[in-house]
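Colleague: I'd like to learn how to read a model like this one. Could you walk me through it, a feature at a time?

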Amino acid sequence: MRLLIVGTLKGQLTTATKIAMENGATVTHAEDHEQAMRVLRGGKGADLLLVDVALDIRDLVMRLEAEHIHAPIVACGITNDARAAVAAIHAGAKEYIPLPPEPELIAAVLAAVANDSRELIYRDDAMARVIKLAQQIAGSDASVMITGESGTGKEVLARYVHTRSARAKRPFISINCAAIPEHLLESELFGHEKGAFTGAIARRIGKFEEATGGTLLLDEISEMDVRLQSKLLRAIQERVIDRVGGTKPVPVDIRIIATSNRNLAEAVREGTFREDLLFRLNVVNLKIPPLRERPADILELAQHFVKKYAEANGVPLRPISAEARRVLSTNRWQGNVRELENTMHRAVLMAQGDEIGADAIITPDGDRLDVARTAPAVAHATMAAEQVTRALVGRTVADVERDLILETLKHCLGNRTHAANILGISIRTLRNKLNEYADGGIPIPPAGTPGEYPRMPAMG
């Protein structure tokens, strides 16, 4: 956790600094906006800015936005002035803290921003095997690829690996490759020199240099543009980077952890991901099973979230009833741990009586989870989808494509134009495919076969 304190406040922030450092934060000071921006551009970075309310917070927010620097601001002041607090929040601050600060309040703010309260909770053997492998490789500098469906806890596992590595006391820097526009991602990763492009008003240190000595997490790396992947590959291989607009390489010392919820081998075949980059990143693969494949974790996590949100909302800690546990255990959890956490947060708020009953296990729309999931239409659709999936397993893409084209053509009674429209391909592509199948000795439905549809003009 990196904290940047902006302002002096007659020494009152010294207390805040002491509390922050006692809670494991690295603290940097800046007297004003200009000095704060120099710190942020210079590579020290910050996960949170604690700013004197007397300073122009709106101006600081605008400066951060102009240079695409993302860090939440918490305002603070020596008086408990409601008007000043409201003005600060309207200007862009996330919270207001009166000074001198209460240790518990500072600690809570730091924990909320760092999100260090996310524990790695597991009981199932399937997850235990992943954790054991993570423990074995944590002390090395090997690149790690963490894969799994959205919501399974890939970033939590990445932090777990970092905290058990020799780099644990150095920065853990995370960047979401899917959340940053392509034209800005290169600068975010590698930094830029003053004047490198419109808006580059000063030198900016990127995430690679911020993470030097520590770990860089490339979240959802499958969304990175292929052009930028080549520059990333060089950075990993050579341990040097080139800032945008720079004239000389900059050495870096980092460990790379990458995550993806996509099949990267398939992305390589599609040409959207470099095979050599995959080899470099995938030294060790930690594949997190979906929650539905680790049933012993469901109730363990549910109990953890109940305790967490009961404390957070100041409500009684209630046990989960037997019927509610049944509902939780039988749900497929398409959103994985993230969906379960949100469900239990709602359950804590909605529960009445001495237990959390099945009536409190509801969807965001307010329907009971077991009723919403087992409606006849949903059940039928799920079963049909699973049957189709099973029928496709073990077959090549070319075979599946061929059968789809021929079945669609039969459905259209041989009409090429109609079939091409349904398939979403051009008539030329369809004809080429049919010629290819015919050359292979596969029967092709004749054009314009009469039947229940009105006869169309033959198109070949």
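Modeller: Let's start with burial: a residue is buried under 20% relative accessible area, exposed over 50%, and partly exposed in between, using a 1.4 Å probe and protein chains only. By that rule, 44% of the 460 residues of the chain count as buried. Keep in mind that this is a predicted model, where local features need pLDDT of at least 70 and side-chain atom pairs pLDDT 80 or more, while totals for chains, interfaces and linings use all residues. Residues are numbered from 1 along each chain as its sequence is written, and side-chain values use heavy atoms, with hydrogens and water left out.

Colleague: How many helices and strands does the chain have?

Modeller: Helices (H or I, at least four residues) and strands (E, at least two) are DSSP runs, numbered from the N terminus. Here that gives 20 helices and 12 strands.

Colleague: And what share of the contacts comes from residues 24 or more positions apart?

Modeller: A contact means heavy atoms within 4.5 Å. Taking contacts with a separation of 6 or more, 69% are between residues 24 or more positions apart.

Colleague: Let's take one residue, then. Is Lys154 buried or exposed?

Modeller: Lys154 is buried, since its relative accessible area is 7%. Lys154 sits in helix 7, residues 154-163. Beyond four places in sequence, its contacts include Gly148, Glu220, Thr259, Asn261 and Ile288. Ile288 is 134 residues away in sequence, yet the C-alpha atoms are 7.4 Å apart.

Colleague: Which backbone oxygen does the Lys154 side chain reach?

Modeller: For a polar contact, look for a pair of N or O atoms within 3.5 Å; within protein, one must be able to donate a hydrogen and the other to accept it, and residues adjacent in sequence count only if both atoms are side-chain atoms. The Lys154 side chain reaches the backbone oxygen of Gly148 at 3.2 Å. Gly148 also pairs up in space with Pro289: they are 141 residues apart in sequence and 6.4 Å apart, C-alpha to C-alpha. Pro289 lies in the loop between strand 12 (284-287) and helix 13, and is buried at 13% relative accessibility.

Colleague: Where is the side-chain partner of His33?

Modeller: That's Asp59, with a polar contact of 3.0 Å between the two side chains. His33 is in helix 2, residues 33-41, and counts as buried because its relative accessible area is 9%.

Colleague: What about backbone angles? Which value does phi of Glu220 take?

Modeller: About 55°, a positive phi although Glu220 is not a glycine. Glu220 is in the loop between strand 8 (215-219) and helix 10 (226-238). Trp333 also has a positive phi, near 50°, and is buried with a relative accessible area of 0%.

Colleague: Last one: how many cavities does the search find?

Modeller: Rolling a probe the size of a water molecule over the atoms shows where empty space is left. On a 1 Å grid over the protein atoms alone, a cavity is a set of points where a 1.4 Å probe fits but cannot get out, and lining residues have an atom within 4 Å of a point. Grid points are joined across faces, edges and corners, and a volume is the space filled by probe spheres set on the points. There are 2 cavities of 30 Å³ or more.

Terms used: On a 1 Å grid over the protein atoms alone, a cavity is a set of points where a 1.4 Å probe fits but cannot get out, and a pocket is an open set with protein on both sides within 12 Å along at least five of seven lines; lining residues have an atom within 4 Å of a point.
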